[in-house]
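Here is a short report on one protein model. Look over the sequence and the structure first, then read on.

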Amino acid sequence: MSFKLRSPWIAAGAAASFLLVALAVKFSGDPKTQTAGTKGIPVSVSQARVMEFNDDFSTQGSIRALRYASVTPKVDGTILEIYVREGDRVKRGDPLFKSDNVRQEEALKMAQRDLEAASFATEERQEALIRAKADLERVELDYQRFAELLKEGAISQSMFDDVFTRYRQARAMVRSAESMLSSARSSLRKAQAALGIEEKNYRDTTVYAPMDGMVSKRMAEPGEMGRPGVPVLRIDDPSSLEVQAFLPAELYPKVWTGKTSITLEDPSGLYREELTVTTKAPVVDPVTRTFEVRCRTQGSPYKVPGAMARLTVHISSRKSTGVPSKGVVQKEAGPAVYVISGDTAIEVPVATALRSNGWTEITSGDVKEGMVVAVDGASMLSNRSKVKIVRRIP
């Protein structure tokens, strides 16, 4: 019975002994682990170097046609036919759409009749002037003859006065005929001008393409009412484009027309090209605190009006000392770099500025060109940590 009572205590003691052994192994460390620890923390390294850093600003821009036209009816009227659809290419002078021309046709016929009447009236006035001048010539001869007879005393004064009165009346008739002919000619000119206007209005019921390009938008359909100033079609010239972007106000003094370059890239990587700012807004928008810039470019199957583009504005560039960005560690006191001296990492506080192609500019701190700095594994280091260099990055 005494053996049975002691057996639980023996089992508990054996378990406690096993736990102590396990803890001892854990805290004493595996021999292989201890050996690796003594060799230092594995890191990859690279050399600080002087390189060119670009002060760039990235944004989204839009592509639009440099030349475009919103085509509207020239006269009021129902749209009868539209001859083109979106995507159609047109040449200058091609017919685009036609409006109802019944009213214009009636107005044209009335103007033609008015012109015929004015022409007839002018002809009548011309004939009347010819007759009046003929009468004046006949009466003038009588007047001259009677004046001679009066000097000779062959006729009485009363007879001469009758002829003189007819002569004055004939002269007045000529002046009146001349005035009426002038008025008729003025009416004729007005009728001709009115006919020209009505002919133009009649022609304007059919609208023609004002430029070469592509129909990019159709905003009306046959049967709808067309009005001057309300677009029916939009035509874009896809061969000449411009890129539009809005930049923050703080960049305004740094962007120059004809000097500042912008890299244009398609978001999907189909094209990439360097452009120059051709237009810069004269003011900053007081609401958005942005200003507009534009660059000209040529169209292509991948660059079309309305597309979005990725833009990189190149503000400035300078040469300075840089290190791989992975080697810059953020500490509580600020960024730092670990300079490798032998097998020891020395923590060096630094100030950073620009980034370019995976490298960070060092603007202050004791980091010189050619110094070896930790890159991969730098975040695991502390000042004077032992390190093991496993790779050198060119």
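## A loop, two helices and a sheet

Thr205 sits in the loop between helix 4 and strand 7. The model is a predicted one. Is Thr205 buried or exposed? At 1% relative accessibility, Thr205 counts as buried, because the cut-off is under 20%. Its side chain reaches the backbone oxygen of Tyr202 at 2.6 Å. Beyond its neighbours within four places in sequence, Thr205 is in contact with several residues, including Val75, Phe97, Asp100 and Gln104.

**The sheet.** Phe97 leads on to the strands. Phe97 stands opposite Val207 in strand 7. Strand 6 (residues 95–99) pairs with strand 7 in the antiparallel sense, over 3 bridges. The open sheet has 4 strands in the order 7-6-4-9, with antiparallel pairing. Strand 7 (206–208) and strand 9 (225–226) stand at the edges. Each has a single partner strand, so one side of each is left without a neighbour in the sheet.

| Helix | Residues | Number of residues | First to last C-alpha | Expected at 1.5 Å a residue |
|---|---|---|---|---|
| Helix 3 | 102–152 | 51 residues | 75 Å | 75 Å |
| Helix 4 | 157–203 | 47 residues | 69 Å | 69 Å |

What do the buried residues of helix 3 pack against? They pack against helix 4. In turn, helix 3 is part of what covers the buried residues of helix 4. In helix 3 the buried residues include Gln104, Leu108, Ala111, Leu115 and Ala118. Gln104 is also one of the contacts of Thr205. In helix 4 the buried residues include Phe160, Val163, Tyr167, Ala170 and Val174. An α-helix has 3.6 residues a turn, so residues three or four places apart point the same way. Just after helix 3, Gly153 takes a positive phi of about 80 degrees.

**Aromatic pairs.** The count of aromatic pairs comes to 5. In one of them, the rings of Tyr143 and Phe164 have their centres 5.5 Å apart and their planes at 40 degrees, so the pair is tilted. Tyr143 lies in helix 3 and Phe164 in helix 4, so this pair ties together parts that are 21 residues apart in sequence. Tyr143 is partly exposed, with a relative accessible area of 23%. Phe164 is partly exposed too, at 29% relative accessibility. Phe160 and Phe164 form a stacked pair, 6.3 Å centre to centre with 10 degrees between the planes. These two are 4 residues apart in helix 4, about one helical turn. Phe160 counts as buried, at 12% relative accessibility. Ring pairs link Tyr143, Phe160, Phe164 and Tyr167 into a cluster.

**Charges over rings.** Arg234 lies over the face of Tyr68, at 4.1 Å from the ring centre. The charged end of Lys280 sits over the ring of Trp256, 5.7 Å from its centre.

**Positive phi in loops.** Most residues other than glycine have a negative phi. Asn357 is not a glycine, yet has a positive phi of about 55 degrees. Its place is the loop between strand 19 (351–356) and strand 20 (359–364). Asn357 is exposed, with a relative accessible area of 75%. Arg384 also has a positive phi, near 70 degrees. Arg384 lies in the loop between strand 21 (372–374) and strand 22 (385–392). Its relative accessible area is 54%, and it is exposed.

Technical notes
Residues numbered from 1 in each chain as written. Heavy atoms only, no water. Pairing = 2+ DSSP bridges. Expected span 1.5 Å × (residues − 1). Buried < 20%, exposed > 50% of the residue type's maximum accessible area, 1.4 Å probe, protein only. Contact = heavy atoms within 4.5 Å. Polar contact = N/O pair within 3.5 Å; in protein donor to acceptor, adjacent residues only side chain to side chain. Phe/Tyr/Trp six-rings, centres within 6.5 Å; stacked < 30°, edge-to-face > 60°. Lys NZ or Arg CZ within 6 Å of the ring centre and 35° of its normal.
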